[in-house]
Amino acid sequence: GTSGTLRARFANISQLQLNTAVMGSNSVHLAGVDWVITIQTKMEGQIKYLSAYLEITTKPFPENWSSSVYFTIKNFHHNSFEKPYSSSYSGVQFNKHRASWGSHAFIKFEDLMKYDNNYAKDDSISMETEFTIFPS
């Protein structure tokens, strides 16, 4: 497989609009396509969550491109000593019908913004995904 790490910083977190995706500042080109981290806020019942996804942004999408991807999306504490908040995914099939995958309810927005949790600083967060791609 082909492995890579993608880091992104997201600013103005408190102003994220519901259901409106925001792309990470960086992309990485791996296995012939471009990858980014995207985030947005979503409601699940009465609770607001930060959603986080790994997404392929290559347009047009390569017709026969298909791969099985193993990845972990991490949200870092700004003091960096604590273990990041993370969610892992195994063998997700990415192709022209599924160019994005992750979690609608990655972390409660209230927990993300809570000062004592050290995730958000100056209204920004740092995220990373480590991933391995196996062509299928």
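## What counts as a salt bridge

A salt bridge here is a side-chain nitrogen of Lys or Arg within 4 Å of a carboxyl oxygen of Asp or Glu. Side chains of opposite charge can pair when their charged atoms come close. With that in mind, Arg7, Lys74, Glu128 and Glu130 are linked in a network of salt bridges. Across the whole structure, a search turns up four salt bridges.

## How confident is the model?

Keep in mind that you're looking at a predicted model. The protein's average pLDDT is 95, and 99% of the residues score at least 70.

## Inside the network

Let's start with Glu128 and Arg7. Their side chains form a salt bridge, with 2.7 Å from N to O. Glu128 sits in strand S9 (residues 125-135) and Arg7 in strand S1 (residues 2-10), so this pair ties together parts that are 121 residues apart in sequence. Are these two residues buried or exposed? Glu128 has a relative accessibility of 4%, under the 20% cut-off, so it counts as buried. Arg7, on the other hand, is exposed, because its relative accessible area of 53% is over 50%.

Next come Glu130 and Lys74, whose side chains meet in a salt bridge at 3.2 Å, N to O. Glu130 belongs to strand S9 and Lys74 to strand S6, so the pair ties together parts 56 residues apart in sequence.

Another salt bridge brings together the side chains of Lys96 and Glu63, at 2.4 Å from N to O. Which parts of the chain does this pair link? Lys96 is in the loop between strand S7 (85-95) and strand S8 (100-108), and Glu63 is in the loop between strand S5 (47-56) and S6. These are distant parts of the chain, with the two residues 33 apart.

How open are the two partners? Lys96 is partly exposed, with a relative accessible area of 40%. Glu63 counts as exposed at 51% relative accessibility, because that value is over the 50% cut-off.

Conventions:
Residues are numbered from 1 along each chain as its sequence is written. This is a predicted model: local features need pLDDT of at least 70, side-chain atom pairs count only at pLDDT 80 or more; totals for chains, interfaces and linings use all residues. Side-chain values use heavy atoms; hydrogens and water are left out. pLDDT is the predictor's confidence in each residue, from 0 to 100. Helices (H or I, at least four residues) and strands (E, at least two) are DSSP runs, numbered from the N terminus. Buried means under 20% relative accessible area, exposed over 50%, partly exposed in between (1.4 Å probe, protein chains only).
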